Amino acid sequence: MKNYKKCAINNFKNLFFKNKKAFTLIEILTVIFLIGVIALPFTNMFIFGVKGSNSNSDHVIGCNLAREKIEEIKGLPFEIVKSDYDNFRDVFQDRAKYDDAYYNADSFVDYFSDVYTESSLRNSDIGTTYKKLKELYPKAYLKEVSLYPEDYSRFRRVTKVEEIIEAASAPKLKKVSVLVFNEKNQRIAELRTYVGKQK
């Protein structure tokens with residue numbers, strides 16, 4: 001009887017486990033390690049590619065914003081072409097948090113933007129700035145300030161204008177620089193042009 005049971009158990013083992021090969025834990029861990037080592041450079045290349053693509057997209061949007069403002073300025077009469085500081089510093093008037101921006105042109109560049117989206121206006125500080133800008137913008141650019149698509153909420157744009165003065169004569173040339181910054185306050189685009197007074 002005991003031999004019969006042993007024989008039955010052996011037949012059962014042979015039936016189900018014969019020619020069955022299994023991987024050991026060490027073999028499985030070795031394969032996972034090798035796949036990780038091989039895949040790591042490709043993962044880094046993928047991440048680098050995505051970052052590069054986002055950076056290129058930001059530069060394209062920044063250049064387009066700068067080009068748009070340059071074209072807008074070229075259509076203005078020479079006399080009213082002024083820097084954003086001269087046109088819009090009043091948006092920071094009587095606002096304690098922005099005293100530097102009101103009194104100092106360099107600090108103004110750190111805070112000002114004429115690029116707004118629906119979502120950015122939900123911020124109370126930005127909303128207040130936008131309301132004041134909306135009143136001043138038509139006088140400076142002869143048109144209403146417009147809202148941009150949500151993709152543009154990461155950008156700021158500031159325009160600087162310098163008069164080119166020749167000896168003993170009224171300025172007949174202005175240098176216009178349009179600066180575009182990203183959300184980290186890094187300058188990602190800058191375009192310059194000259195506008196002249198027509199006789």
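Predicted model: local features only at pLDDT ≥ 70, side-chain atom pairs only at ≥ 80, totals over all residues.
1. A salt bridge is taken here as a side-chain nitrogen of Lys or Arg within 4 Å of a carboxyl oxygen of Asp or Glu. The side chains of Glu190 and Arg187 meet this criterion, with an N to O distance of 2.7 Å.

2. Glu190 counts as partly exposed, at 29% relative accessibility. Arg187 is likewise partly exposed, with a relative accessible area of 49%. Arg192, with a value of 53%, is classed as exposed. Elsewhere, salt bridges that share partners link Glu68, Lys69, Glu72, Asp114, Lys143 and Arg157 into one network.

3. The structure holds 11 salt bridges. One of them joins the side chains of Asp125 and Lys97, at 2.8 Å from N to O. Asp125 belongs to helix 6, whereas Lys97 lies in the loop between helix 3 and helix 4 (99–103), so this pair ties together parts that are 28 residues apart in sequence. Asp125 is partly exposed, at a relative accessible area of 25%, while Lys97 is exposed, at 58%.

4. On the overall architecture, the protein comprises 6 helices and 3 strands. Read from the N terminus, the elements follow the order α-α-α-α-α-α-β-β-β. Of the 199 residues, 31% are buried. The accessible surface amounts to about 14000 Å², and carbon and sulfur atoms contribute 57% of that area. Among contacts with a separation of 6 or more, 58% are between residues 24 or more positions apart.

5. The 3 strands form an open sheet in the order 1-2-3, with antiparallel pairing. Strand 1 (156–164) and strand 3 (187–196) stand at the edges with a single partner strand each, so one side of each has no neighbour in the sheet. Neighbouring strands are turned against each other by 15 degrees on average, direction ignored.

6. Strand 1 and strand 2 (residues 173–181) run antiparallel and are joined by 9 bridges; Val161 stands opposite Val176 of strand 2. Strand 2 and strand 3 are also antiparallel, over 9 bridges, and Lys175 has Tyr194 in strand 3 as its bridge partner. Strand 2 and strand 3 form a hairpin with 5 residues between them, and Asn185 in the turn has a positive phi of about 65 degrees.

7. Ser177 is a residue of strand 2. Is Ser177 buried or exposed? Ser177 is buried, because its relative accessible area is 5% and the cut-off for burial is under 20%. Leaving aside neighbours within four places in sequence, Ser177 is in contact with Val158, Thr159, Lys160, Glu190, Leu191 and Arg192.

8. Ser83 is located in the loop between helix 2 and helix 3 (84–88). It is buried, with a relative accessible area of 8%. Which residues does Ser83 touch, not counting those up to four places away in sequence? They are Thr159, Lys160 and Val161. The C-alpha atoms of Ser83 and Thr159 are separated by 5.5 Å, although the two residues are 76 residues apart along the chain.

9. Val145 occupies the loop between helix 6 (124–141) and strand 1. Its relative accessible area of 9% makes Val145 a buried residue. Apart from neighbours within four places in sequence, Val145 contacts Asp114, Tyr130, Leu133, Lys134 and Tyr137.

10. Finally, the surface carries a nonpolar patch of about 680 Å², made by Phe33, Leu34, Val37, Ile38, Phe42 and Met45. Met45 is found in helix 2 (residues 25–74). Met45 is exposed, since its relative accessible area is 56% and values over 50% count as exposed.

How values were computed: Residues numbered from 1 in each chain as written. Heavy atoms only, no water. Patch = residues over 30% accessible without salt bridge, like charges linked within 9 Å, V, L, I, M, F, W, Y side chains within 5 Å. Areas by Shrake-Rupley, 256 points an atom, 1.4 Å probe, with all protein chains shown as cover. Helix = DSSP H or I, 4+ residues; strand = E, 2+ residues; numbered from the N terminus. Buried < 20%, exposed > 50% of the residue type's maximum accessible area, 1.4 Å probe, protein only. Pairing = 2+ DSSP bridges. Axes fitted to C-alpha atoms, helices over the stretch in contact; angles between N-to-C directions. Contact = heavy atoms within 4.5 Å.
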